[in-house]
Amino acid sequence: MSTINQNQQKISMGEKVGYSLGDAAANLVFQMMMIFQLKFYTDVFGLDGAVAGSVLLVACLSAIVVDPAVGLLVDRTKTRWGKFRPWILWTAVPFCVFYMLAFYNPGIEDNSTVATYATISFLLLMTVYSLNNVPYTSLGGVMTSDIRERTNITTIRFVAVTIAQFVVQGMTLPLVDHFSNGGRNLQHGWICTIGVFSAIAFIFFIITFCVSHERIVPPPTQEIDMKEDVKQTISNVPWNTMFVLTFTLFITLSMWGSAMNFYFQHNIDQKSLFDFLSTFGLANDVGDAYSVGFSLFNMVGAVVQFAGVLLLSQYLANKYGKKKVFMVCLSLTALFSAMFYIPSPTDVSLIFVLNILKSLAYAPTVPLLWAMIADVADHIEYENHRRATGFCFSGIIMALKVGLGTGGAIAGIIISAFGYVSGNVSVQNETAMEGIRLVSSIVPAVMFGIGVLALHFYPITKEYNENMQAELASRRRHAESADDEF
């Protein structure tokens with residue numbers, strides 16, 4: 001099988017958009033887990049915060065076994081559709097089914113049994129997430145070797161992600177309220193909302209499968225060697241850097257996303273929030289302030305992030321290189337996250353301003369993470385003359401999922417330790433609110449700082465990457481010539 005030269009690897013806009021819909025679909029699930037899963041477990045399932053956090057952690061720890069196995073499996077998949085595309089098709093239905101099960105209680109009342117059910121259903125969702133998302137992210141690494149095209153693909157991809165984020169974070173609570181008949185049947189409201197998101201996700205997965213193509217293949221002389229793939233990947237310095245960065249990022253995103261849900265309901269003065277919303281004609285009653293206010297907060301953040309991804313990410317990466325942009329923007333994100341500790345419960349305007357600043361600072365990094373991981377897959381091939389794209393990406397997905405569970409667990413454990421009372425209790429004590437403030441500001445800022453430190457060890461600069469891609473392109477041309485002669 002011949003490879004395609006780098007100058008032939010320009011990707012049509014239709015294929016870029018179609019590929020991006022796969023991540024929009026995954027984020028209809030991922031954003032829900034990151035923002036609402038912990039609070040759903042405490043307020044709808046009635047689990048204690050520490051128990052709910054433990055459910056998230058136990059299920060996500062399964063990624064330590066599942067994700068590397070999936071990576072090795074997809075690297076060895078051979079079909080007429082390629083290595084990675086068929087997995088997106090095969091997992092579309094189970095992904096949507098397990099998504100609905102994770103937000104549905106089939107009538108269980110005993111708390112310990114509810115916790116067991118929550119763990120099993122979330123574990124199933126995490127497993128099928130790996131079977132879908134490891135091949136999906138790997139596919140993005142083999143669509144082209146052109147550096148600018150690769151950054152452009154990830155930029156468009158994360159425009160789609162930001163739209164999905166806007167929909168989930170902004171529309172979930174209003175939809176739940178609508179389907180639950182004004183909050184009178186929360187379980188019905190949640191399952192109907194998840195059903196809508198699942199149907200959209202299924203359609204998007206099918207489109208991604210149909211329009212995407214794989215162009216980079218392993219060297220034709222490469223033999224299957226699982227041990228060598230594992231050894232060369234885990235000994236690679238850029239891969240280890242991205243592993244640590246991804247782990248800390250998703251601990252932080254999960255922790256902050258979960259905590260802000262509690263922050264808006266309990267820390268912010270609801271009358272002040274209502275007055276703020278009333279100036280825009282967005283709330284009719286103080287009782288609506290939490291759901292409308294938190295939805296608006298998320299939607300504003302998503303719009304700012306959308307603009308930042310679209311206008312800044314590719315421009316800054318092309319001018320300064322991915323590493324420099326990531327370090328500066330993540331440092332600013334840490335600063336603005338820490339500042340969420342400052343506002344008083346009545347200072348709603350400052351909270352929204354900080355959200356705008358934090359979202360704008362973080363936005364350029366959003367597409368860069370996965371573009372950098374694709375560069376790491378190339379770096380492993382560059383050093384070892386072997387390509388193991390699936391295993392490379394699966395390890396990073398493992399870090400993402402364990403980070404997701406760890407962040408949720410930390411948030412649940414901290415608020416529980418500070419005295420948070422579960423079960424949709426409207427008023428919490430001052431100690432509980434202090435825990436909510438800490439996990440919404442100082443603790444995430446520290447974790448972002450660890451991510452900045454990790455980036456210091458990432459060796460693939462803009463100049464290094466350009467030289468590496470030129471060398472890899474030369475090898476592929478020679479391999480193609482030899483294959484054609486044969």
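Predicted model: local features only at pLDDT ≥ 70, side-chain atom pairs only at ≥ 80, totals over all residues.

User: How far is S121 from M226, C-alpha to C-alpha?

Analyst: Their C-alpha atoms are separated by 31 Å, and the two residues are 105 apart along the chain.

User: Another serine, then. Where does S272 lie, and what is it in contact with beyond four places in sequence?

Analyst: S272 lies in helix α12, residues 270-278. Leaving aside neighbours within four places, S272 is in contact with T346 and V348.

User: Why does S272 count as buried?

Analyst: Because its relative accessibility is 17%, and buried means under 20%.

User: Switching to helices. How do α11 and α16 pack?

Analyst: Helix α11 (residues 237-267) and helix α16 (residues 365-384) pack at about 155°, with axes 9 Å apart. An angle over 145 degrees counts as roughly antiparallel, so α11 and α16 are roughly antiparallel to each other. Their crossing is left-handed.

User: Which residues make that contact?

Analyst: On the α11 side, P238, W239, M242, L245, T246, L249 and F250. From α16, L369, M372, I373, V376 and H379 take part.

User: What about phi of H385?

Analyst: Phi of H385 is near 60°, a positive value in a residue other than glycine. Most residues other than glycine have a negative phi. H385 is found in the loop between α16 and α17, the latter being residues 389-417.

User: Last topic: α1. How many residues does it have, and what distance does it reach?

Analyst: Helix α1 (residues 13-35) has 23 residues and reaches 31 Å from its first C-alpha to its last. That is close to the 33 Å expected at 1.5 Å a residue.

User: Where does α1 bend?

Analyst: At N27, by about 35°.

User: And how many of the residues of α1 are buried?

Analyst: In α1, 20 of the 23 residues are buried, so that helix is mostly covered.

Note on methods
Residues numbered from 1 in each chain as written. Heavy atoms only, no water. Helix = DSSP H or I, 4+ residues; strand = E, 2+ residues; numbered from the N terminus. Expected span 1.5 Å × (residues − 1). Bend = angle between axes of the 7 residues up to and from the residue. Buried < 20%, exposed > 50% of the residue type's maximum accessible area, 1.4 Å probe, protein only. Axes fitted to C-alpha atoms, helices over the stretch in contact; angles between N-to-C directions. Parallel < 35°, antiparallel > 145°, perpendicular 65-115°, else oblique. Left-handed = near helix turned anticlockwise from the far one by under 90°. Contact = heavy atoms within 4.5 Å.
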